[in-house]
Amino acid sequence: MDEEEEAELKEKEELPAEDKTDEELTAARVSELDLKEAERTQPERSTSVSQLTPKEIVRLLVEEFGPLATSDFDEERLIFEMDGAYFQEIAILGMIHLTTHRLSFHASLLSTRPDLLPERQIIKRGPVTLHRPGLRRKRRVWLELSHDMLTTFPSGNQEDRIRPIRSVLLSSIKQILPEDPKNKRALRIVSTSAELPGDKFGEFDTEESAREWRREIQGAVYIYSHSRAVYLSRSSEDEANGVRISIPLSRVKSFSTRKFLKYANVISLELSSSEVRTTRLRSSSEIDIEGRTLELCGVLKLHAWDDFGELVEKAKERERNASMAASPKVIVDFGELSFVEQRRETRKVEDDKEEAIRIALSLGYESEIWYARSRITRSIASTGYFVVSTHYIGFWTKGFSIADVKYRFPINRVVGARPNFRFLPRTFGAILDLKEGKPSMFFDFSTQELRDEVISRVTAAVEKYHVQAPSILSSSISSTMPGLTQSVTPSHSRKGSSTFGPLVESPPETPMPMSPGLGATQVLSPLSYTVARATTRRLPREALRLLPKVINLPESVVPRMDAAHYVCLTIGSRGDVQPYIALAQELIRNGHSVTIVTHAEYKEWIEGWGVRHRTAGGDPGALMKLSVEHKMFSPQFFKESIGNFRSWLDDLLVDAWEACKDADVLLESPSAMAGVHIAEALNIPYFRTFTMPWTKTTQFPHPFLSPPVEMASFNASTYVLFDNIFWTATSGQINRWRRNTLHLENTDMGHLAQSKIPFIYNFSPSVVPKPLDWGDAIVVSGYWFLDNPELNWTPPDSLL
C-alpha cells in the first residue's frame, strides 16, 4: 500500500460516523476472487432492494439481459455493488454491479413534466451579450432557458418578457461546442434554426457563468430529447424512465482506471466486436463497435478494480472453451432517453407539398402522413392543410398577409372528431375535441365526403393509439422475489435501446428481455435512493465546477459540500438580521456551522434559533437614531454626525475582525463595510447580501440618493456619487485599520469596484427584476423567509 492510500485510510478512520457509511455502502457485497460471499452491509434503500441477496441480484440481471454462463457448472456470481455514474457531456447517477461474467449499470430518470406552470419551467435566466455580423455587432439581451427552448428578450422586466426577440427550439440544437481556450466566456451552439446562424455567439460576464450555462443547456437538450420521445411513444413512464447497460466481460478489449476528484474511480472500457455474428440496427445498417469506449465512474476507493483484468481474462477463456458457440451482446439501453437521434431510413417523397408540411410541422420522422385542404375557423379564417399522421393531428397555413398558423396535437391529447353543421353554402364543418380542458378546434372542408374522411381518419388514429398503448406496470417485487420466476414477454423491448452516446450497438436480433413488475432499474437503482445519496455525499467546493450536469436529479437537489463555517456580518435593524437567521437554518440543515455577527441586542433572539452570535456594531438604537435624524448614509448623515460616526466606525472595524477571524466563508451586508477587507486578509470566499439594490444600474436610482427626475444617466450617477461620498467619509479610518490590524496595504475605490464582488440580493425578481446591466456575479435569489420569527410567541385570547 503506497503513502497516498495509507493517507486515505487514515482520513477515513478520522471521519465522523455519518461519513463512514459511504465506504460501507460502496463496499457492500465485495467478494474475493475465490467467490467467498461477503457479508452485506448495504444500508436500506427501499423495501424491495434491502431484502435482495447477491444471488437474487444475479438472477435479476440474468432475467433482464440473458444468461452468460457457458455451462451448467459455470455459475455467475456477484463481486460487488457500488454507487456510480455514466459520464458523457452530462452525468447520470445510478448503481454499478460487477459479476464474474458482466459489468452492469442501472439508473432511474426523472419523469417528464409538461404540465408544470410556465414560471416553473424556466431552468436558468440571466443577461448575455450577443455577437453577430452587421452594423450592430453586439447587443445585451436577457436569456432564458426553458424545458423546450432558448429565448432572448429585451430585458428581464415583465413587460419586456412578453415580447421575445428570438426563440430557438432545443430540438434544433445539434451541438454545444466545447469551451474555446481563446475566449472561455463565449458559448457557441450549432443549430439547424435560421434564428441561430453559425456566426452568432453569446458571451457571458465570467468564465464560471459560461461554464454553468453550457452545462445547463446540455442537460436541457438531453432531457428534452427524453420528454419528446416519451410524448411520441406509447411507453408508460415506468417503462421509459430507466437506463440499463450490460457489458459481458468477454467483450472488453482493454481498460484503464483513473481517480476522479479523490472521491471516485473512473473505468474506461474499450470494447471489441463479437467474433461470432454481426449485429444490425433496425435499418439494417451494420454497426461495428470495435474500439468504441465507454466510461463509468464508481465511488468505491482503493482496490475496487484491481482484479478486473483477471475477471476479464477468465471470461474470455470461458468463451473460448465453451462447448457451444456464444455471441454475448453489449446492451446499452437508455429507454426513451436518446443521446443521439435515431437514424431513420431516407424517405422518398415525390410530393413537394408533403415535404413542406413535414418541415413546417416537424413531422420528418413520421412514416406516413395524410393531408387535405381545409380552413380553420377563427376571427380571421385561414386556409391551409389539415394533417393526420401516426402520432399527430396538425394544421398549417402559410399566407402573405398573416403570420404562419401552425397547430400540432399528439394523438394522446385528442378526444376525437365530430361533424359541425354549418348553415353556409358548400361548407362542411368538423370539430376536433381535445383533452385537458383545451378548447375545441373548428375546421371547414369543401365537400361532405372530405369532411367525413377526416373524421374517420382521426377516429381511427385515436382508437389505434388506445388499443396499442400498454398499461402502466404496477406490481412490485417482494422479498421472496416471485416476479423473477415469471416468464418474460418479448414485446417489452423498448424503442431507443440501440442509441448510446459515442457507442451505438443494436440489441440482439431477438427482442431484448425485460424484467416483469417494477423492472430491474427501479429495483436496483430507485430514484429515491439516488436523490438521497446525492444529498448526503459531501463534495469540496472546488470540485463542483468540474462536474457535468446531472440530469436525473431534481433542480432543487444541491450536492452537499464539505462542512464550512459561514459567518454573516450585518448591522442595522431587525429587518437586516432576520434574513440571515433563515439562511443559517438552511445551512445548518446541510451540515455547516453559522455565526451571525451583529449588535448585542439581538443575541438572545439569534441563539434561540440555534445559531451562534458574536457582537459587533455597538448600539443599534443609536445607529437608528442617526438614520432617522439624517437619512442613513446620506451626505447629511456624514456631515452632521461625523463625530459620533467616526468613533462608532472604529469600534465596528475592530469588533468585526475579532468576530470573523475563524470564518471559512464570509457573507456581509454592505452597510457593515468591514467584510471585504477581512475576506482579503483571510483569503476566503466573500459574498455581499442585501435586501435592497446596491449595485449601479440605469433602471432605477440608489435607494439612499433618489434624484427628482429619474433618467438613465441620472440613475447611474447616483450610485457613483454615493460610492464616492461613502468612501471619502470612511477611507482614512479603513486604510489605517487595514495597515495596523489586518496588515494590508492601503486600498482605493478601484480595488473595491462593486462589479468585482459577488452579490446576492434576497428579494424577489418579481418585485425587482434583475436589470440587464447587472453582471453574472449578481444573483436575485428571492426572499429568505423565517417562519414564525417570534420565539415562544402565543397569540392573545382576543385573537383566538
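## Exercises on side-chain contacts

The side chains of Asp650 and Arg736 meet in a salt bridge, 4.0 Å from N to O. The model is predicted, so to speak of local features a pLDDT of at least 70 is needed, side-chain atom pairs count only at pLDDT 80 or more, and totals for chains, interfaces and linings use all residues. Residues are numbered from 1 along each chain as its sequence is written, and side-chain values use heavy atoms, with hydrogens and water left out.

**Exercise 1.** Find which parts of the chain Asp650 and Arg736 tie together.

*Solution.* Start with the criterion: a salt bridge is a side-chain nitrogen of Lys or Arg within 4 Å of a carboxyl oxygen of Asp or Glu. Helices here are DSSP runs of H or I with at least four residues, strands are runs of E with at least two, and both are numbered from the N terminus. Finally, check exposure: buried means under 20% relative accessible area, exposed over 50%, and partly exposed in between (1.4 Å probe, protein chains only). Asp650 is partly exposed at 31%, and Arg736 is partly exposed at 38%.

**Exercise 2.** Work out which contacts Arg161 makes with Glu144 and with Phe153.

*Solution.* Take the charged partner to begin with: Glu144 and Arg161 form a salt bridge whose closest N and O atoms are 2.5 Å apart. Glu144 lies in strand S5 (residues 138–146) and Arg161 in the loop between strands S6 (149–153) and S7 (166–169), so this pair ties together parts 17 residues apart. Glu144 is buried at 3%, while Arg161 is partly exposed at 23%. Then widen the view: Arg125, Glu144 and Arg161 are linked in a network of salt bridges. Now turn to the ring: Arg161 lies over the face of Phe153, 5.7 Å from the ring centre. A charge counts as over a ring if NZ of Lys or CZ of Arg is within 6 Å of the ring centre and within 35 degrees of the ring normal.
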